Amino acid sequence: MSKRNLNHGGTGVLAAVAIAAMPLASPVKAQEGVDLNISLILEGIYFNELREGNESPAGFGGGHHHGDGHDHGHHHGFDEGFNLGHSELVLEAKLGDFMDGTLILGFDDHDVEVEEAYLRTRSLPAGFQLKVGKFLSDVGYINSHHPHDWDFVDRPLVNEYLFGDHGLQEIGVQATWLAPTQSYTLLGVELLQGETSGVANYRGEQSAINGTERILEDTEGPRLITAFAKFAPDLGPDHAVQYGVSAGYARRYQETEAHSTRFEDWNGTAWFAGLDAVYKYDAGRSYGHGNWRLQGEYFYRVIDVDRRDVEFTDVDSDGNPTGRNIGDVRNVQSFKNKQDGVYLQGVYGFAPRWEAGLRAEALGLTNEIGRGDGSSPDPSYRYAAMVTFRPIEPVFLRAQINHNDYADDHGRDRGLDFMLQLNVALGAHGAHRF
Amino acid sequence: MPLKRYVIVLLAMVLASAWTAPQAQPLEVVATTPSLGMLARAVGGDQVRVRVLAPDDRDPHYLDARPSYMAAVRRADLLLEMGAGLEEGWLPAVLSGAANPAVNEGRRGHFRASDTLSLRRSVTMDGPNVGHVHAEGNPHFNIDPLRMAVLADALAKRMGQLRTEKADYFLARSEDAAQRLRQHARALADRIPADRQFVAYHEDLDYLEEWLPVKVLGYLEPVPGVPPTARHLRRLVRDLEGREGRVLHARYQPSRGAGFLQRHLGWDIHAVSLEPPVDADLEGYLELMSQWAAVFGGG
């Protein structure tokens with residue numbers, strides 16, 4: 001595993017271009033006293049939709065979650081043909097043994113985004129650790145793992161639709177405590193700003209229309225609090241297992257959507273809770289041959305909001321009067337949306353350097369939508385099969401087939417997607433978490 | 001007020017136990033590999049309690065940063081690692097998740113064996129390489145009893161810093177262990193006919209050259225960390241045609257490449273253990289040394 005060769009000019013130049021503002025003396029050990037590791041994860045994906053199905057699962061999306069300019073192709077999957085996928089530039093530095101700093105820039109061919117930028121303490125006593133900055137929440141299992149660590153090309157539906165396109169990724173503070181017990185027992189709480197679309201969507205105050213105030217109001221952060229516990233008994237050299245339980249409460253959940261003549265506004269709260277488990281079997285052979293990994297997560301989310309729509313025009317799209325005045329209030333109601341999602345996946349190393357895996361997912365087994373007269377759309381399902389080949393440790397090539405069985409208002413429709421992923425880790429990439 | 005007094009007494013008890021406990025208890029040692037665990041037992045005697053992370057039948061390069069490892073390191077007074085990049089794929093994650101500043105890098109509770117030794121060059125330093133570079137040198141010195149003897153002394157000094165009242169005890173034990181390691185190494189070397197040659201799977205058997213009259217001729221891996229290719233094996237056979245030798249590989253490494261050399265050169269294959277059992281003491285390691293020597297006809 002160990003230090004991967006970044007010392008070559010090519011990656012050094014790339015890194016320097018990508019973070020032009022940062023004075024880099026030398027690519028690896030930058031300054032005295034600061035131990036800096038740089039790595040670059042490059043990814044390419046070929047995507048082919050073999051059969052078109054419903055675009056999004058019933059009860060989720062439908063224009064609510066992604067109307068605010070955040071649309072660089074993640075949500076609706078990939079473009080037909082070649083995609084740059086999800087590449088990352090990772091900088092990790094140590095400040096003595098006092099704290100670690102991590103900066104992860106995620107980029108595709110259009111955008112660069114700060115995925116994570118945080119400090120983590122290394123020397124608090126009694127098993128306590130603090131993390132501050134922007135980071136991936138430690139709720140659940142896959143949420144805190146980066147895409148090149150995943151066993152499948154794409155994010156599980158439950159993580160994407162109950163949290164967001166990047167999972168639960170927030171700015172805030174995390175405190176954890178590792179118990180001094182024989183079995184690994186980690187407790188943690190996070191105080192987060194609260195902006196994740198699925199559980200803490202925030203719009204802030206919207207301007208009044210013709211004197212009519214909107215129901216949306218400013219709420220200062222932090223607006224989201226989460227808590228989690230992880231437990232992992234020691235099962236000897238061959239087996240390892242970790243169980244997790246997590247929950248969160250957002251004291252503000254807001255939506256606003258422009259319909260043809262009115263804004264639909266939601267203002268309220270949301271909470272979620274979930275369970276996760278991962279099991280790994282180490283066969284003790286070379287290059288992962290005979291190893292097993294099983295992983296599953298379940299999350300349940302409740303959005304509890306007041307709704308009040310306000311007319312912003314008194315003519316419809318054809319120019320005819322609607323019979324209502326600008327500023328009129330409609331559709332005043334309070335309702336709850338209760339939804340959940342689950343996935344289970346298994347990966348087996350069927351030959352040295354070769355892995356094959358299956359994943360089954362369900363979204364909306366509970367799918368009670370309180371909006372309007374209320375509805376209970378059918379659940380949606382997705383099944384994936386993949387094969388991964390690692391010619392050498394830092395490189396993998398993965399082929400995956402997704403069978404989408406999504407419900408929507410008009411019924412079920414089954415789609416079939418094919419993905420081919422090439423992922424390369426260059427440079428001194430840090431050790432992977434369990 | 002009785003409640004207040006009760007709280008004070010309780011607090012005093014907690015403080016007192018926190019004060020006295022570390023002195024009375026044995027040193028909690030976590031060792032990444034069985035060889036280091038063996039050394040900790042040899043030096044620490046009844047003053048240490050040792051937990052070994054890597055099983056003896058696994059490649060220590062490729063382990064998961066398991067939660068159970070973090071739980072062990074969380075409670076450690078002393079963490080022993082080989083260093084030089086051997087555990088780089090997993091130990092940093094274990095350490096960062098263990099939330100135990102006493103064993104942070106650079107602290108007294110963190111013993112990095114490679115820092116106290118001069119290492120052989122690693123073939124990875126001469127490139128081209130693909131993701132497996134040991135820039136500080138070859139980290140597989142666990143099979144070199146002479147370097148283990150040097151380590152015993154360094155480890156005794158470190159344990160002495162953590163338990164000053166037992167410093168002499170540790171030193172005496174380390175001197176004894178070092179002497180036995182050197183004696184056994186010399187005895188085994190004397191029994192082996194000169195210039196025995198071998199091909200290894202990885203550079204993890206190079207240090208046999210340091211104490212036995214043997215020579216490494218090459219590796220089954222074309223590049224460290226990359227499995228044998230047909231082209232590389234054919235070239236090995238071409239280069240070694242007509243010579244006497246043997247093929248060695250760790251039990252956890254695949255034997256297919258070795259089989260190719262056996263068929264074309266008529267060499268014997270020896271699957272060996274690179275580490276003593278996880279609960280081994282000095283005797284277990286001396287026994288393992290004998291097993292290595294036996295491969296070359298010096299058992």
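In chain B of this predicted model, residues 24 or more positions apart account for 64% of the contacts with a separation of 6 or more. Chain B contains nine helices and eight strands, and 51% of its 299 residues count as buried.

Two domains are assigned in chain B, domain 1 (2-186) and domain 2 (193-295). The contact between them involves 33 residues from domain 1 and 28 residues from domain 2. On the side of domain 1 of chain B that touches domain 2, at least two residues are supplied by each of α2, α5 and α6. Helix α2(B) provides the largest share of this side, with six residues. The composition of the side by class is 13 nonpolar, twelve polar and eight charged residues.

The largest nonpolar core comprises 91 residues, and the residues with the most contacts inside it are V29(B), L39(B), A40(B), V43(B), V73(B) and A152(B). Both domains of chain B take part in this core, domain 1 (2-186) and domain 2 (193-295) each giving at least three residues. In soluble globular proteins, nonpolar side chains tend to be buried together. For V73(B), the contacts beyond its neighbours within four places in sequence are with V30(B), L79(B), V94(B), L95(B), A98(B), N100(B) and V103(B).

Helix α5 of chain B covers residues 145-162. Its 18 residues should span 26 Å at 1.5 Å a residue, and because the end C-alpha atoms are 25 Å apart, the helix agrees with this expectation. Buried positions in α5(B) are P145(B), R147(B), M148(B), A149(B), L151(B), A152(B), L155(B), A156(B), M159(B) and L162(B). Of these, A152(B) is also listed among the residues with the most contacts inside the largest nonpolar core. The buried residues of α5(B) pack against the helices α2 (34-44), α6 (167-191) and α9 (282-295) of chain B, and against the strands β1 (27-31), β3 (78-81) and β4 (110-112) of chain B.

Between the chains, the contact takes 38 residues from chain A and 43 residues from chain B. On the side of chain A that touches chain B, the elements giving two or more residues are β6 (128-136) and β11 (239-258) of chain A. This side of chain A has 15 nonpolar, 13 polar and ten charged residues.

Key:
Residues are numbered from 1 along each chain as its sequence is written. Chains are lettered from A and ligands numbered from 1 in the order in which they are written. This is a predicted model: local features need pLDDT of at least 70, side-chain atom pairs count only at pLDDT 80 or more; totals for chains, interfaces and linings use all residues. Two residues are in contact if their C-beta atoms, placed from the backbone, lie within 7 Å. Helices (H or I, at least four residues) and strands (E, at least two) are DSSP runs, numbered from the N terminus. Ala, Val, Leu, Ile, Met, Phe, Trp, Tyr, Cys and Pro count as nonpolar, Asp, Glu, Lys and Arg as charged, and the others, Gly among them, as polar. A nonpolar core is a set of buried Ala, Val, Leu, Ile, Met, Phe, Trp, Tyr and Cys residues joined through C-beta atoms within 7 Å. A residue is buried if 20 or more other C-beta atoms lie within 10 Å of its own, exposed if 12 or fewer, and partly exposed in between; C-beta atoms are placed from the backbone. Domain bounds come from an automatic or database domain assignment. The expected span of a helix is 1.5 Å times one less than its number of residues.
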